[in-house]
Amino acid sequence: MSLDLTEIRREITRIDRQLLKLLAERHCLALDVVRSKELTQKPLRDTEREQQLLQALICHAEEEGYALEPQYITQIFQKIIEDSVLTQQVYLQKKLNQQREQSIHIAFLGKLGSYSNLAARSYATRYREQLVELSCASFEQVFDKVKSGEADYGVLPLENTTSGSINEVYDLLQHTDLSLIGELAYPIKHCVLSATPAEVSQIRTLYSHPQVIQQCSRFIQGLSDVHIEYCESSSHAMQKVSAMGRPDVAALGNEEGGKLYGLQVLKTDIANQPNNITRFIILARNALSVSAQIHSKTLLLMRTSQQAGALVDALSIFKKHGINMTKLESRPIYGTPWEEMFYLEIEANINHPDIRKMLEELKGYSTYLKILGCYPSEIVKPVALAAE
Ligand SMILES: O=C(O)C(=O)C[C@]1(C(=O)O)C=C[C@@H](O)C=C1
């Protein structure tokens, strides 16, 4: 075997292209699978098959003497299966809602390069739609643009694995007629960006959105003599820093946005935890139908009476019907001090007759109940391998 680096890299490139070709072939098979499942009405996800598939691959690698860790094999194939499940979901959803290949207008917070913009692009790519980008100065403007028809969809961050719920978005959801039609988990990779080559120790002013500042609080605490300037979005921060062109100012933003504004990355991975993911929601004027074959979720808005145990009684309905709740959030109701509005996300499809019956029952335990939307669960939980 030659040790010439150029030659080795050529060989790596050749293998990578083969891998790509095989991945593309497997991706096409996912479409055949969904067409077959359409006929049989089988659920898209089959976790038993996934477990068998992973186990068989690990055994095969061992038998063949491949130097590949079981954990490595599992991680790679979980990602491949995730793509397969999401591809199948998109196929069914587009067919059910008669969506054609067309250009869609999506509103999001910030200028081009904001995290919401990157999430909007990712959503449009997943649904293979041409995207017309509508940047907004506030979350409220995102809601308004969808309501007026200027935008087809609005993309909004709802929660982050480091900083938690985005309260402003929850509050706006309390008063909207729009429907939640989708979700998207987007990895958020913060970095320090500056207009000129500089050391992090030179920075005296840091620009970013309050959420970003919160998610990078530990990194910021480690800096000395730094002043924080809050901006409407991380993309505004990047644009400002680019216009100033000084070595003592920097923005906290993302690498992709930084390229757009001609910024240099001084430091990456500065969020408090490495698994920094934001869950975005997609809003539209009209609700979507979700195929019964898809694992779906529903977000409810609920108020209960002020009597002792009223919330526990309401929640016990989910237990009775074997429905899993993935999120419970509460926010104040403006004009009614000390009363709370509850946001309940459940793993259920509102088109199912049993779920409709359950919601009727829930009405009896609440003073207000509204369905904010039913949507495909786009967070594909990886299967756990059976213990040895
Ligand atoms: O075999 C199936 O039923 C598929 O849908 C394909 C596949 C895969 O990509 O391997 C994807 C999702 C299922 O949960 C199981 C396996």
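This is a predicted model: local features need pLDDT of at least 70, side-chain atom pairs count only at pLDDT 80 or more; totals for chains, interfaces and linings use all residues.
Residues are numbered from 1 along each chain as its sequence is written.

The chain is divided into domain 1 (8–96), domain 2 (103–188 + 277–284), domain 3 (192–268) and domain 4 (296–376), with bounds that come from an automatic or database domain assignment. Taken over C-alpha atoms, the centres of domain 3 and domain 4 are separated by 41 Å.

Strand β3 covers residues 153–160. Helices (H or I, at least four residues) and strands (E, at least two) are DSSP runs, numbered from the N terminus. Two strands are said to pair if DSSP finds at least two bridges between them. With strand β1 (residues 103–109), β3 pairs in the parallel sense over 3 bridges. Strand β11 (residues 277–284) runs antiparallel to β3 and is joined to it by 7 bridges; here Gly-154 has Leu-283 as its bridge partner. Strand β4 (residues 164–165) is also antiparallel to β3, with 2 bridges, and Asn-160 stands opposite Gly-164. Between β3 and β4, which form a hairpin, there are 3 residues.

Of the 8 residues of β3, 7 are buried. A residue is buried if 20 or more other C-beta atoms, placed from the backbone, lie within 10 Å of its own.

Helix α5 (residues 139–148) has Val-142, Phe-143, Lys-145 and Val-146 buried. Seen down the axis of α5, these residues fall within an arc of 160 degrees, so they line one face of the helix; the arc is that of the directions from the helix axis to the C-beta atoms. They pack against β1, β2 (130–136), β3, α6 (167–173) and β11, where contact requires C-beta atoms, placed from the backbone, within 7 Å. Just after α5, Gly-149 takes a positive phi of about 95 degrees.

Which residues surround the ligand? They are Ala-30, Val-33, Arg-45, Asp-46, Arg-49, Glu-50, Leu-53, Ile-81, Ser-84 and Val-85, each with its C-beta atom, placed from the backbone, within 6 Å of the ligand. Two or more residues of this shell come from each of α1 (5–40), α2 (47–64) and α3 (70–96).

Technical notes
A residue is buried if 20 or more other C-beta atoms lie within 10 Å of its own, exposed if 12 or fewer, and partly exposed in between; C-beta atoms are placed from the backbone. Two residues are in contact if their C-beta atoms, placed from the backbone, lie within 7 Å.
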